[in-house]
Amino acid sequence: MIVKTSSGRVSGIRVENVHAFLGVPFAAPPFGEHRFRPPAPPEPWEGVRPAVEHGPAAPQRPAQDIGLFAPDVFRYGADCLNLDIHTPDPGAAGLPVLVWFHGGAFSVGANSAAWQRGHRFARDGVVCVAVNYRLGFEGFLALDDVPANLGVLDWLAALRWVRANIAAFGGNPADVTIAGQSAGGAAVATLMTMPDAAGLFRRAIVMSGSATLVTSLAEARAQAKELAAVLGVRPVREDFAALPPERLLAEQPPPTTGQLGSLGESVAIKPVVDGQVVPGVPLEAIAAGIGGHLRLLAGNTSQEADVFVRRMVEGIDQGTAREAAEALGFSSDPEPPPAELVARAVTHRLFIRETRLLLRARSAAIAPTYAYEFRWESPLESPAGGGRVGAVHNLDLPFVFDVLDAPGVARTAGHRPPQALAHEMHGAWVRFVRDGDPGWPAGVKRILR
């Protein structure tokens, strides 16, 4: 099957009886003359471009395989502003569209992640588009003479490409839902409040995300100046564009800092409130009614960080644990063992609280808001320590995408995770993308287990 886009024709492949077009560029490679600049249109090509392999990811450090989740290894390269598109039929018309933004603390990840592939959304009548965007310093460094949100501008460029081209893949450009998990969920919450994104989508899904995961322009500029001093250059495009990506990656902080006081403290690199592209803190804008016309589905897992925190605080005594929990604004009666108490407090602070803040800010929204909580607990013991895996961060992804047969699911969820739950969750997400209603009343949290 060959499809004509605004830049040229592409040929795809068949995956489980749907059509896949992989690595389709929505912007020019953000290197060379385009490095540290807003995304530019892709160069047109002659003939038919094969779109049969996943495109390169944005430059990033390899993630450590801790024996949980999918053992993804992402190949990064210059042509990283690309899309993976799965469609039931490019010859169809008016199909609902899901645009997916991956997580990874704005520092790692890719649209090719095994638990986030869209072929089974396509099987069920949805055109699924997964976005690669600039990460880390390449995407969010606030140099003195460069826009502060290049990665955010990539999100916008991808959505504009979808608006202009998705009809050629069978999709309806006026019926787009954006969705993301973790940092991708924060991206969705941010896009909901951005004037430049107005009209590019009509629904939103925020999974384990946040509407506060931003930094100030002053803090971002200070970070850039500190980095420039370490590298011995000026905080301007000319100097940074001359550095190889690997040099920046060597100085880039880990995706998460280990600071547990707030989500903002725990994520080192994030979008910048610049007063233009990102006008303000998304949560404040949502509470003021911005984006209130958009239908929203939002939620989290019940034990997002528990297994990781238990490993970090192993051996802590009850008194110290109680003090730590109180500092995080959490209490429990009856009180669990000390490591478990701190784990629950951190999950509450970094994830459950963030979802509640978002839902509360939507209380006066015109459009319905639907809430959920994923409570199915993996019975496996974590190979990285910390005890039972439980309802950990990311575990909801293979259920939502209905890919319980994907690599890494068995070692995280066991060999018999409940397919009925995958049917329920995937079906709810399909209904929301198609109809704007996941199948339960607005304002009532659905427990999924």
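Visitor: Why does Glu340 count as buried?

Guide: This is a predicted model, and in it Glu340 has a relative accessibility of 16%.

Visitor: Where is Glu340, and which residues is Glu340 in contact with?

Guide: Glu340 belongs to helix H12, residues 338-361. Leaving aside neighbours within four places in sequence, Glu340 is in contact with Asp306 and Arg310.

Visitor: What makes Gly23 buried?

Guide: Its relative accessibility is 14%. The limit for buried is under 20%, so Gly23, at 14%, counts as buried. You will find Gly23 in strand S4.

Visitor: Which residues does Gly23 touch?

Guide: Not counting residues up to four places away in sequence, Gly23 touches Arg49, Glu53, Gly55, Asn82, Leu83 and Asp84. For Asp84, the C-alpha atom is separated from that of Gly23 by 5.5 Å, and the two residues are 61 residues apart along the chain.

Visitor: Which residues make the contact between H3 and H4?

Guide: On H3 they are Trp155, Leu156 and Leu159, and on H4 they are Ala187, Thr190 and Leu191. Sorted by class, the contact has 5 nonpolar residues, 1 polar residue and no charged residues.

Visitor: Which strands do H3 and H4 lie across?

Guide: H3 lies across strand S4 (18-25), strand S6 (82-87), strand S7 (95-101), strand S8 (127-131) and strand S9 (171-181), and runs at about 165° to S7. H4 lies across S7, S9 and S10, at about 130° to S9.

Visitor: In what order do the strands of the 10-strand sheet come?

Guide: The order in this open sheet is S3-S4-S6-S8-S7-S9-S10-S13-S14-S17, and the pairing is mixed. From one strand to the next, the twist averages 20°.

Visitor: What makes S3 and S17 edge strands?

Guide: Strand S3 (13-15) and strand S17 (445-448) each pair on one side only.

Visitor: How do you know that S10 and S13 pair?

Guide: Two strands pair if there are at least two bridges between them. Strand S10 (residues 203-207) is joined to strand S13 (residues 295-301) by 5 bridges, and the two run parallel. Val206 stands opposite Ala298 in S13.

Visitor: What about the sheet of 3 strands: why are S1 and S5 at its edges?

Guide: The order of this open sheet is S1-S2-S5, with mixed pairing. Strand S1 (2-4) and strand S5 (48-50) each have a single partner strand, so one side of each has no neighbour in the sheet. The twist here averages 30° from one strand to the next.

Visitor: How do you know that S2 and S5 pair?

Guide: The requirement is at least two bridges, and strand S2 (residues 9-11) pairs with S5 over 3 bridges, in the parallel sense. Val10 stands opposite Arg49 in S5.

Visitor: Now the aromatic rings. How many aromatic pairs are there?

Guide: The count comes to 16 aromatic pairs. One of them is formed by Trp100 and Phe401.

Visitor: Why is the pair of Trp100 and Phe401 called edge-to-face?

Guide: Pairing needs ring centres within 6.5 Å, and planes over 60 degrees apart count as edge-to-face. For Trp100 and Phe401 the centres are 5.0 Å apart and the planes stand at 85°, an edge-to-face pair. The partners are 301 residues apart: Trp100 is in strand S7, and Phe401 is in the loop between helix H13 (397-400) and helix H14 (409-413).

Visitor: What makes Trp100 and Phe401 buried?

Guide: Buried means under 20%; Trp100 has 2% relative accessibility, so Trp100 counts as buried. Phe401 has a relative accessible area of 1%, so Phe401 is buried.

Visitor: Why is the pair of Trp161 and Phe169 called tilted?

Guide: Planes under 30 degrees apart count as stacked, over 60 as edge-to-face and the rest as tilted. The planes of Trp161 and Phe169 are at 45°, with ring centres 6.1 Å apart, so this pair is tilted. Trp161 is buried at 5%, and Phe169 counts as buried at 0%.

Visitor: Which residues form one aromatic cluster?

Guide: They are Phe101, Phe106, Tyr133, Phe140 and Trp155.

Technical notes:
Residues are numbered from 1 along each chain as its sequence is written. This is a predicted model: local features need pLDDT of at least 70, side-chain atom pairs count only at pLDDT 80 or more; totals for chains, interfaces and linings use all residues. Side-chain values use heavy atoms; hydrogens and water are left out. Contact means heavy atoms within 4.5 Å. Helices (H or I, at least four residues) and strands (E, at least two) are DSSP runs, numbered from the N terminus. Ala, Val, Leu, Ile, Met, Phe, Trp, Tyr, Cys and Pro count as nonpolar, Asp, Glu, Lys and Arg as charged, and the others, Gly among them, as polar. Axes are lines fitted to C-alpha atoms, for helices over the stretch in contact, and angles run from 0 to 180 degrees between N-to-C directions. Rings of Phe, Tyr and Trp (its six-membered ring) pair if their centres lie within 6.5 Å; planes under 30 degrees apart count as stacked, over 60 as edge-to-face and the rest as tilted. Buried means under 20% relative accessible area, exposed over 50%, partly exposed in between (1.4 Å probe, protein chains only).
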